Amino acid sequence: MTLAVTKPVRAVGGFFAMSLDTFVLIFKPPLAWREYLLQSWFVARVSMLPALMMTLPYSVILTFIFNILLTEIGAGDFSGTGAAIGTVNQIAPIVTVLVVAGAGSTAMCADLGARTIREELDAMRVLGINPIQRLVVPRVLAATTIALALESAVTVVGLVGAFFFTVYIQHVSAGAFVTAVGIQFTVS
Amino acid sequence: MTHSVASALHPRLGRAFESVAHEWNRVGSQMRFYSTTLGSIPDAVINYRTEMLRLIAQMGLGVAALAMIGGTVVIVGFLTMTTGALVAVQGYNQLASVGIEALTGFASSYFNVRLIVPGTASVALSATIGAGATAQMGAMRINEEIDALEVIGIRSVSYLASTRVVAGIVVVIPLYCVAIMMAFLASRAGTTAIYGQGSGVYDHYFNTFLSPRDLIWSFLQVVAITVVVMLVHTYYGYTASGGPAGVGEAVGRAVRTSMVVAAVEIVMITLAVYGQSGNFHLAG
């Protein structure tokens, strides 16, 4: 019984301990930059297409549902605002995280898990190499960097998709849409 | 003794064609798997009832230590709770900027039902029961348990895949209720408790604009998403290869594919159901 109770608690504790280790080791040279580049390329390669394919439907559907409401209250010209708020504030971050987690991180998990099972990590420890510094830190940094880049791509694609959907299918004036998007992001 | 092998004519063209053909065949084999799975659902319901009940119990509440902290119900409830609270935050603030924050209740009954709960549920389903199914079936494939099943005369597709699809559909019914209740409650709590709107105002607009027809469509949407998610995930689990790491990669591919497919499906169903006019009347 005590084991059943303490097991989840221990898992949480172990997670925090490893996160702390990783965070400290990020600032400690040497950085495994070759691994970092390889992993960045890998994450970018596997997440680009799914991220774009996921953003388009979600931003289109959000714009669609928002436009129904706006048209109903006679404010179709503001549909750009809805698209901007929805895509930039909500959809782009969520999609980026989901895809980086779903596409990149699962593969990393499988990779590291397989290495643990084959006792490669233990072998590294025996050789005096810290597997967290050599393997985990570059992966965390790579996922973070690519998420940043992906987020901008996803935002642009989402807005462009919403533009075409709104203008050509829901017949809102293109100028009104662009102006509304612009107003939303004007730094005041 | 040396023979010179004649080189193939247009090797690059041939390779390109082969890769296209390979992709095309993969789509075909996927389609065949899906139709077999769907076709053997009656078989699974009649002959493999025990396995199906076991899977339903496992998917719904989780087993052992997992049940305490993270059965699927808990995860989905928590996810929709956060997205529901998001409606309160975004809806209240954006509506307040044009002076109609009284309509936050309407935003909750409109966006939660039509977009947020199906979207969140699709992600949650593919990450929990879907990924679980891929991992289980992938491990069975790697350990040659699926071949063993075939050898002892059990139809592996209907025993493993069809039962999981049915179990997913059964599990998603209460799951949807939990999800939508959590979303509504979180939106209400966020608006009334945190932003201090009168609960009467919120409830009035919420009840006025909550349409039972939309709720039923939203529910059917989630069921359709579940079917597709479970099909995709069982396919990738069934065809996993390459050792333990291969199972992990199969899970990644399955999650990726099913999230994209679910997103497209939500768009298609929403456009089909609500149409271009939106089937919505603010003024009654």
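This is a predicted model: local features need pLDDT of at least 70, side-chain atom pairs count only at pLDDT 80 or more; totals for chains, interfaces and linings use all residues.
## Architecture of chain B

The C-alpha trace of chain B extends over about 90 × 50 × 30 Å along its principal axes. Of the 284 residues in chain B, 45% are buried. Among contacts in chain B with a separation of 6 or more, 84% join residues 24 or more positions apart.

## Packing of H5(B) against H6(B)

Two packed helices are described by the angle between their axes and the distance between the axes. For helix H5 (residues 72–97) of chain B and H6(B), the angle is about 145° and the axes lie 9 Å apart. Their crossing is right-handed.

Residues of H5(B) in this contact include B:Ile75, B:Leu79, B:Gly84, B:Val87 and B:Gly91, while those of H6(B) include B:Ala107, B:Phe111, B:Ile116, B:Ala121 and B:Ala124. By class, the contact between H5(B) and H6(B) comprises 14 nonpolar and 10 polar residues, with no charged residues.

## Contact with chain A

Chain B contributes 30 residues to its contact with chain A, and chain A contributes 29 residues. On the side of chain B, the elements giving two or more residues are helix H4 (65–70), helix H6 (104–142) and helix H11 (243–274). The most is given by H11(B), with 17 residues.

The side of chain B that touches chain A has 20 nonpolar, 7 polar and 3 charged residues.

Key
Residues are numbered from 1 along each chain as its sequence is written. Chains are lettered from A and ligands numbered from 1 in the order in which they are written. A residue is buried if 20 or more other C-beta atoms lie within 10 Å of its own, exposed if 12 or fewer, and partly exposed in between; C-beta atoms are placed from the backbone. Two residues are in contact if their C-beta atoms, placed from the backbone, lie within 7 Å. Helices (H or I, at least four residues) and strands (E, at least two) are DSSP runs, numbered from the N terminus. Ala, Val, Leu, Ile, Met, Phe, Trp, Tyr, Cys and Pro count as nonpolar, Asp, Glu, Lys and Arg as charged, and the others, Gly among them, as polar. Axes are lines fitted to C-alpha atoms, for helices over the stretch in contact, and angles run from 0 to 180 degrees between N-to-C directions. A crossing is left-handed if the near helix is turned anticlockwise from the far one by less than a right angle, and right-handed if clockwise.
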